There are 2 protein chains.
Amino acid sequence: MTKALILMAKGVEEMEAVICADVLRRASVDTLLLGLEGEASVEGSRGIILGVDQAFRGDETADLVVLPGGGEGAKHLAEDERVLSLLRRFEQEGAWIAAICAAPIALVAAGVGKGKSMTSHPSVRETVESFAGNYVEEAVAIDDHLVTGRGPGAAFDFALDLVGLCVGPQKAGEVRAPMMFG
Amino acid sequence: MTKALILMAKGVEEMEAVICADVLRRASVDTLLLGLEGEASVEGSRGIILGVDQAFRGDETADLVVLPGGGEGAKHLAEDERVLSLLRRFEQEGAWIAAICAAPIALVAAGVGKGKSMTSHPSVRETVESFAGNYVEEAVAIDDHLVTGRGPGAAFDFALDLVGLCVGPQKAGEVRAPMMFG
């Protein structure tokens, strides 16, 4: 069974975190929400309280790690040595690494994905562009095992692409259909 | 200031609840998440714990009430006399009433919106179609002060339409832009 970690920091963009968790669980991915502030729930960027499944330690293993955005949340991710260390380890192990919205700044802080095609929210474009090999203005950028997305409006595509990559395109289609897109 | 209530029952579809709350708050709508189980947080359809701002009583006033879906969550809404009573009162007062995914079954249970254009998730189509005057297979159906949506994949359009209707199209555009759609 595919296993995913979603890193939850104070100020996380609620829609990005919840869409990723919900869509991955619809695809039967074993998905854990890990709290950077321990076992306590986190308050998101728009004041919504989100529960976490476990406290984040930094030594977790999984097939995929997802970094949701939110300006403040992404800053907390990028400043947390445990996060940066996990990202470097996942890159070495060839695991999937995904970051959306402002969260690619944590990849830059970790030095993960240098020289790869990446996107991000325009608010952090400068930081990401100077690090990325090729900054693209697309909803989702996929380069090898690195997946980046632009913002909440790209979150469904981002999450479904993760299902397609980590589980398979057939499962992504099965999950997509009952969600009633356009 | 526009005021909105979002009714949160156990089994709520997390993406629908969070997208509505987040988008309405981005539009500076005073948005309260009201818990049907009191002040406790609710567990959504995919196991995500969502905090609530206040316990739901049933005598609240607002410009807009939003009913998120989720099969089990919608059933709880439709079986709660306080919810049905509030829906009837809001209809009489000419306030906005919005329901997405499976939640239109609560409108049917309340007898609210009879004869109007409505949509819903296909899983509850039979119930809604036999009640609605005109069942439409569209992402969002707007008829007078009643707004219905099909599912999580329609949730952004649904929430932005609510901003457009309750606050104004200019605000909806301002909120939409930085979310980075397509």
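In chain B, the antiparallel strands β10(B) and β11(B), the latter made up of residues 146–149, are joined by four bridges. Within this pairing, D143(B) has L146(B) of β11(B) opposite it. The model is a predicted one.

**Sheet and helices of chain B**

The two strands belong to an open sheet of seven strands with mixed pairing, whose order in chain B is β5-β2-β1-β6-β7-β11-β10. The edges are taken by β5 (54–55) and β10 (140–143) of chain B; each has a single partner strand, so one side of each is without a neighbour in the sheet. In general, the strands of a sheet pair through backbone hydrogen bonds, in parallel or antiparallel fashion.

Two helices of chain B are placed against these strands. Helix α1, residues 14–26 of chain B, lies across β1 (3–8), β2 (30–35), β6 (64–67) and β7 (96–100) of chain B, and runs at about 165° to β1(B). Helix α6, residues 155–166 of chain B, packs on the sheet and touches β6, β7, β10 and β11 of chain B. The direction of α6 in chain B makes about 175° with that of β7(B).

**Relation of the two chains**

**Aromatic pairs**

Over all chains, a search of the whole structure finds three aromatic pairs. Two of them are set out here.

| Pair | Centre to centre | Angle between planes | Type |
|---|---|---|---|
| F156(A) and F181(A) | 5.0 Å | 80° | edge-to-face |
| F156(B) and F181(B) | 5.0 Å | 80° | edge-to-face |

In chain A, F156(A) sits in helix α6 (residues 155–166) and F181(A) in the segment after α7 (169–176), so the pair ties together parts that are 25 residues apart in sequence. F156(A) is buried, at a relative accessible area of 5%, whereas F181(A) is partly exposed at 21% relative accessibility.

In chain B, the pair likewise links distant parts of the chain, with F156(B) in helix α6 and F181(B) in the segment after α7 (169–176), 25 residues apart. F156(B) counts as buried at 5% relative accessibility; F181(B), with a relative accessible area of 22%, is partly exposed. Ring pairs connect F156(A), F181(A), F156(B) and F181(B) into a cluster.

**Cysteines**

How many disulfides does the structure hold over all chains? There are zero. A disulfide is a covalent bond between the sulfur atoms of two cysteines. C101(B) is in no disulfide, and the nearest cysteine sulfur to it, that of C20(B), is 11 Å away. C101(B) counts as buried, at 8% relative accessibility.

For C166(B), the closest cysteine sulfur is also in C20(B), at 11 Å, which is too far for a bond: the cut-off for a disulfide is a pair of cysteine sulfur atoms within 2.5 Å. C166(B) is buried as well, with a relative accessible area of 16%.

D143(A) is part of strand β10 (residues 140–143) of chain A. Is D143(A) buried or partly exposed? At 22% relative accessibility, D143(A) counts as partly exposed, because buried means under 20% relative accessible area. Setting aside neighbours within four places in sequence, D143(A) is in contact with K116(A) and S117(A). From D143(A) to G38(A) the separation is 105 residues in sequence and 32 Å in space, C-alpha to C-alpha.

G47(A) is found in the loop between β3 (42–43) and β4 (49–50) of chain A. Its relative accessibility of 24% makes G47(A) partly exposed. What does G47(A) touch, not counting residues up to four places away in sequence? G47(A) touches E14(A) and, in the other chain, R25(B). G47(A) and G11(A) are 36 residues apart in sequence, and their C-alpha atoms are 8.2 Å apart in space.

Notes
Residues numbered from 1 in each chain as written. Chains lettered and ligands numbered in written order. Predicted model: local features only at pLDDT ≥ 70, side-chain atom pairs only at ≥ 80, totals over all residues. Heavy atoms only, no water. Pairing = 2+ DSSP bridges. Contact = heavy atoms within 4.5 Å. Axes fitted to C-alpha atoms, helices over the stretch in contact; angles between N-to-C directions. Phe/Tyr/Trp six-rings, centres within 6.5 Å; stacked < 30°, edge-to-face > 60°. Buried < 20%, exposed > 50% of the residue type's maximum accessible area, 1.4 Å probe, protein only.
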